[in-house]
Amino acid sequence: MNGENTFSAYDEDSVAVIGGGPAGMTAAVFAASLGAKCVIYEPNPMLGKKLRITGKGRCNVTNDCEPEEFLKHVTKNRKFLYSAIYNFTPADAMKFFADCGVALKTERGRRVFPVSDRASDIAEAFVKKLGSLGVRICRERVVEITTENGEATGVVTRKPHRHAAVIIATGGVSYPLTGSTGDGYAFAEKLGHHVTPLKASLVPVVTEEDLSGMSGLTLKNVVLTVKDRESGKEIFSEMGEMLFTHFGVSGPLVLSASSHMTAKDASDYTMSIDLKPALTKDDLDARILSDFSKYSNRDFINSLGDLLPQKLIPYMVASSGIPPRIKVNSVTKEMRRCLVSAFKELAITPVGTRPIDEAIVTCGGVDVREISPKTMESKLVRRVFFAGEVIDVDAYTGGYNLQIAYSTGALAGENAAKTYAVHEK
Ligand SMILES: Cc1cc2nc3c(=O)[nH]c(=O)nc-3n(C[C@H](O)[C@H](O)[C@H](O)COP(=O)(O)OP(=O)(O)OC[C@H]3O[C@@H](n4cnc5c(N)ncnc54)[C@H](O)[C@@H]3O)c2cc1C
């Protein structure tokens, strides 16, 4: 970029943060708290547009656990995150929001939410904090990062701006209407970084079977198991909640499972549901027998209402292979065995995932080998830092991804300010 004399007075000595999501806002809070001047570039009219729709509008702020436990829930490049998570822990994040005046509550699975159940309260807490720290917001899209002699010198929007350091916190490519359109990957590549392949993670799964008849049905306390189709190796098995949709399956269990299915195509895996994990096969058979004796004169299809939601019965009957209109008193032991198997291992066949723009997070991103885990600074270009989803890290659902955004943002903001910014205080 050849535009030195057109550089605006936008603060040669300040930190530029590209992106006003949770990672960028945390980076700015930390940089400004250390006395650095700071500008967030964010073209959206409001900061934290994606943050405001997280957790179905309730925002699962973080997961209330110790760093060691937290890191077990990181599915990609866990080691890289050690310093960041220990530097700004879930407890620190909870304290930060409490200090900002947002009361929090902890729900099942240690998931933390604002008491108000309003994600916008979290975004507004950031906005207020940034205002109190004097962080400026420039409502312009960054189109380029300028460099000289292997160092970043600033950013270009409609015009160039000089900065002491540049933090790339542009997010991934999922939900692009929120502004996360993947610009950071292009910036990183232009600076010489490698970007690992981008895939949908925490994404609903499309199935071969037509499950539309069960659309809207939620199953609670079931176990979903995913296996590698070729080797038969189990790659995921957890209890929780899942949902049937017009295209296949979704809900927390399926989203978590999908983050383990990124190494291959979805069709290279099998999925099965244990509908009655608390019962052994023998217990279940006894339970079925007892229902059968109660409804001995009914058709088989009309005998399962005590054990299953109505919407699921036709699919279960088809999976069991038992004729639906056979009288219950004619169901044989062998048929019952097939029914028990259908209860314990109800098969569904993944054929794909919903597109990446419907994913909760983007798997893949800037290669962590080219970023210092202790500072989030680029190892290739000085004065460039990365924070948040743009980095090749991701985790389960449960508040982990937002915490990763805050923790990497905190480290990037702190180090950009300490190392390069001219301090006001
Ligand atoms: C529907 C949904 C629900 C979710 N719920 C949860 C949840 O409850 N808990 C949880 O932990 N995680 C949740 N997540 C994931 C979480 O939202 C992300 O991990 C997190 O937002 C990533 O933060 P980020 O700051 O890195 O990126 P983003 O939030 O994507 O922010 C990036 C920002 O950069 C801006 N930007 C992009 N390019 C440019 C550019 N060239 N110039 C200037 N600005 C730019 C964008 O406009 C955007 O505002 C959810 C995600 C989705 C989609």
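Which side chain does Arg162 meet in a salt bridge? The partner is Glu148, at 3.2 Å from N to O. A salt bridge here is a side-chain nitrogen of Lys or Arg within 4 Å of a carboxyl oxygen of Asp or Glu.

A quick word on the ground rules. This is a predicted model, in which local features need pLDDT of at least 70, side-chain atom pairs count only at pLDDT 80 or more, and totals for chains, interfaces and linings use all residues. Residues are numbered from 1 along each chain as its sequence is written, and side-chain values use heavy atoms, with hydrogens and water left out.

Back to the charges: the structure holds 27 salt bridges. Arg162 sits in strand 10 (residues 160–162) and Glu148 in strand 8 (residues 144–148), so their pairing ties together parts 14 residues apart in sequence. Strands (E, at least two residues) and helices (H or I, at least four) are DSSP runs, numbered from the N terminus.

| Pair | N to O distance |
|---|---|
| Arg162 and Glu148 | 3.2 Å |
| Arg383 and Glu151 | 2.8 Å |
| Asp306 and Lys294 | 2.9 Å |

As for exposure, buried means under 20% relative accessible area, exposed over 50%, and partly exposed in between (1.4 Å probe, protein chains only). Arg162 counts as buried at 18%, while Glu148 is partly exposed at 32%. Glu151 is partly exposed too, at 21%. Asp306 is partly exposed at 38%, and Lys294 is exposed at 53%.

Some charges also team up: Arg58, Lys105, Glu107 and Asp117 are linked in a network of salt bridges.
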